[in-house]
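Please consult the sequence and the model alongside the text.

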Amino acid sequence: MLRRTFLMLTTSLAMACAAGQANAACSPDYTGVTLTVASQTGPYIASALKLGADEWAKKTCGKVNVVEFPWSELYPKIATSLTASDATFDLVSFAPAWLPDFVPYLSEMPKEMQSGKDWDDIEPAYRERLMVWEGKIYSQSMDGDVHTYTYRTDLFSDPKEKDAFKAKYGYDLAPPKTWKQYLDIAEFFQRPDKGLWGTAEAFRRGGQQFWFFFSHAAAYANNPNYPGAMFFDPETMDAQINNPGWVKGLEEYIRASKLGPPNALNFSFGEVNAAVAGGQVAESIGWGDTGVIAADPKQSKISGKVGSAMLPGSDEIWNAKSKKWDKFPSVIPGPFMAFGGWQIAVPKAGKNQQAAWDFVKTLTSPAVSGQAAITGGSGVNPYRKSHTANLELWSKIFTPQEAKEYLGAQSDSINAKNVALDMRLPGYFSYTEVVEIELGKALAGQTTPQAALDAMAKEWNRLTDEFGRAKQLAAYRAAMGLPPKN
Amino acid sequence: MMRNDPIKHVFIWPAVLVVLAISIFPLIYSLTTSFLSYRLIPPIPPRVVWLGNYVTLLQEPRFWNALFTTTLIALIAVGLQYAIGFGIALALNARVPGERLFRVALLLPMLLAPVAVALVARMIFNPTMGPLNQFLSKFGLVNLPFLTNGHWALACIIAVEVWQWTPFIILMMLAGLQTLPEDVYEAAELENASAWQQFWGITFPMMLPISAAVVFIRLIESYKIMDTVFVMTGGGPGVDTETLTLFAYQEGFKKFNLGYTSALSFLFLIAITIIGVTYLALLRPHLEKRR
């Protein structure tokens, strides 16, 4: 009997120790918790979420189920779930522009996550601007997005090409400072008979098209003398999308569509990356993914020949207040934080909010996000200071020169004085839908650039009135980092 | 049971209540919503605008464009489906060799999900990577802008509709052809009537009632086209291939403009009713002649 009792005691003790060890491995312990995250269809972003999910599972013993929707369906899926206050999703990943629409249904980020080393490591453009709505933090950036310029260094450094270019255009072949130079370069390398085209941009409706157009327009419509007036007049909320700066941007965007591969009108960002990595184009603009994919020898024919730079700019920018062109002594680069980087948030209706925010912490930690940033196709671009400072991390995919140019372009763009912020406004989809429709007509030559932009401005003003001009003005000023209007 | 036996209420009222709950109530709710300015995003409290949404819609060029596009797709697609479907049904009815194999093979497209069909079609018609353009380029032809040009995109959608739904016409027409009395044809043979005369004098008139029904069903279904367009073109380029249902989807599920979308749905209902009534009124004299 004594022996039996001793055996039982020993067994119980051993089991308790084993359980203790198992729990120690799960810190914090979320065994049995399964989080559901809404994401766009992979690999972009969904694969980064899965990478974070694996790390979180190892750490906490919880599970993460990534539910993927096509880009065009993501907004309605999330919006339907949030407005119905159901607990379908424990986390939602989305565009910063949708934040104003989603804010009433999101929980605030726990205060303890809003300080410390990892928090300070986030670039201020995200931490202090894009993650903030009406002074509060409802979401965490999980990706950094700014449009940059990508080019083929083998073509740009070829002495024959350089001489021929200089002879034709009268200046040196180099990454363009202005959009005119960008179009000259595209025209120069337009050689369909040799399978080489000038440039690749997204032109397809529903294919992230309008951000590329905004990038062109930012150079002429984002005036440092009247900040925040790129999309709307921050005093009156009158649409600015049909002013002469935007017209110039659209004319050049249309011109770029004619200097790309055949059927470039059907290109979304995915096709842009394929064209660049396939060595089909001499230059391109787009998010940081382009450079990472083009550098990856498994996905690219131009690995080792990838150059990066900031977007071109202009020395003439339209002033929405004086309604005149302002002339500047030198070209002002026009970086545009297109899209602004994916964000992740926790709905109020979620049943596992604590676990969900813990997952966000793991997903966006410098280590996990740094790994995602150097993985081609993850969709994650640098958004932490540590992402661009760690050259060793990037040496895994880039040559030293490539890494220097890529990280320089990313960092310089985000921190540029005149960096243009993307529009964030309640009813965002209604505003951008008309842009997509009219852009399609202008690209197809069914309407003139001015007429297309006039139609957009008319609809933007109508929507602003419908949603409430004062409310929209306050939201727009907040989004542009301007103080509230008295 | 007597005619005025109160027990009848026990049997009738549950059915009436079920019909009211699942059919009439949503319709009435939707009709009420169509008189409101009501958005979920950004949240705007409902406000009565009476016929405001209808007036806005009727002044909206995009609505008329969607109605025109839908009508164009429906009329051309159903016309082609009927002509091709009737022709194939006649061939199958003539007991050609391998008729059973043809019958099964020709019915397969109808059994596929429209989304899957549209996805395959999108790949085939892809201007850059699609096999169709690659095939054409082997003959030195230029890449055709199948899905990036409005006219081409409409033609592609119609082609897919015809490919998928002609089997339905074949099935129905073949069933009708097999019920026709053989003695009429024997009498026509004795009168030395040609095949063409037999078709126009006997087959076509006798098949008119079933033709009318089949075309009516397909016409109504074609007006509701959504999945094929959504997957193949998303309504683009611009709004060149946007149909009424896709327009309603964009307004309802992307802009969450509920009042406007409800009004659009009711205008759609009115348009379909007018088309259906006109179609039946045009056919009535011919059908009555057959009785």
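In which helix does A:D120 lie? A:D120 belongs to helix α5 (residues 117–120) of chain A; helices are DSSP runs of H or I with at least four residues, strands are runs of E with at least two, and both are numbered from the N terminus. The coordinates are a predicted model, in which local features need pLDDT of at least 70 and side-chain atom pairs count only at pLDDT 80 or more, while totals for chains, interfaces and linings use all residues. Residues are numbered from 1 along each chain as its sequence is written, and chains are lettered from A and ligands numbered from 1 in the order in which they are written.

A:D120 is exposed, with 11 other C-beta atoms within 10 Å. A residue is buried if 20 or more other C-beta atoms lie within 10 Å of its own, exposed if 12 or fewer, and partly exposed in between, with C-beta atoms placed from the backbone. From A:D120 to A:K301 the separation is 181 residues in sequence and 38 Å in space, C-alpha to C-alpha.

**The two chains**

Chain A contains 21 helices and 15 strands. Its radius of gyration is 25 Å, close to the 23 Å that the globule rule gives for 486 residues, so chain A is as compact as a globular protein of that length. The radius is taken over C-alpha atoms, and the globule rule is 2.2 Å times the number of residues to the power 0.38.

Chain B has twelve helices and two strands.

| Chain | Span of C-alpha trace along principal axes | Buried residues | Share of contacts (residues at least 6 apart in sequence) that join residues at least 24 apart |
|---|---|---|---|
| Chain A | about 100 × 55 × 35 Å | 52% of 486 residues | 74% |
| Chain B | about 80 × 75 × 30 Å | 31% of 291 residues | 69% |

Two residues are in contact if their C-beta atoms, placed from the backbone, lie within 7 Å. Between the chains, 24 residues of chain A are in contact with 21 residues of chain B. On the chain A side, the elements that give two or more residues are α3 (71–83) and α19 (428–443). Of these, α19(A) gives the most, with six residues. The chain A side divides into eleven nonpolar, nine polar and four charged residues. Here Ala, Val, Leu, Ile, Met, Phe, Trp, Tyr, Cys and Pro count as nonpolar, Asp, Glu, Lys and Arg as charged, and the others, Gly among them, as polar.

Two packed helices are described by the angle between their axes and the distance between the axes. Axes are lines fitted to C-alpha atoms, for helices over the stretch in contact, and angles run from 0 to 180 degrees between N-to-C directions.

The axes of α9 (residues 179–188) and α11 (residues 244–257) of chain A come within 10 Å and cross at roughly 15 degrees. α9(A) and α11(A) are therefore roughly parallel to each other. Angles under 35 degrees count as roughly parallel, over 145 as roughly antiparallel, 65 to 115 as roughly perpendicular and the rest as oblique. In this pair, A:W179, A:L183 and A:A186 of α9(A) meet A:E252, A:R255 and A:A256 of α11(A). By class, this contact has four nonpolar, no polar and two charged residues.

The axes of α10 (residues 209–221) of chain A and α11(A) come within 8 Å, crossing at roughly 135 degrees. That makes α10(A) oblique to α11(A). Residues of α10(A) including A:F212, A:F213 and A:H216 meet residues of α11(A), among them A:G245, A:W246 and A:E252. The contact of α10(A) with α11(A) comprises eight nonpolar, three polar and two charged residues.

**Backbone geometry**

Most residues other than glycine have a negative phi, and most peptide bonds are trans. A cis peptide bond joins A:S27 and A:P28, with omega about -10 degrees; A:P28 sits in the loop between α1 (2–25) and β1 (34–40) of chain A. In chain B, the bond from B:I41 to B:P42 is cis, with omega near -15 degrees.

A:I45, although not a glycine, has a positive phi of about 70 degrees, and with 26 C-beta neighbours inside 10 Å it counts as buried. B:N192, also not a glycine, has a positive phi of about 60 degrees, and with 7 C-beta neighbours inside 10 Å it counts as exposed.
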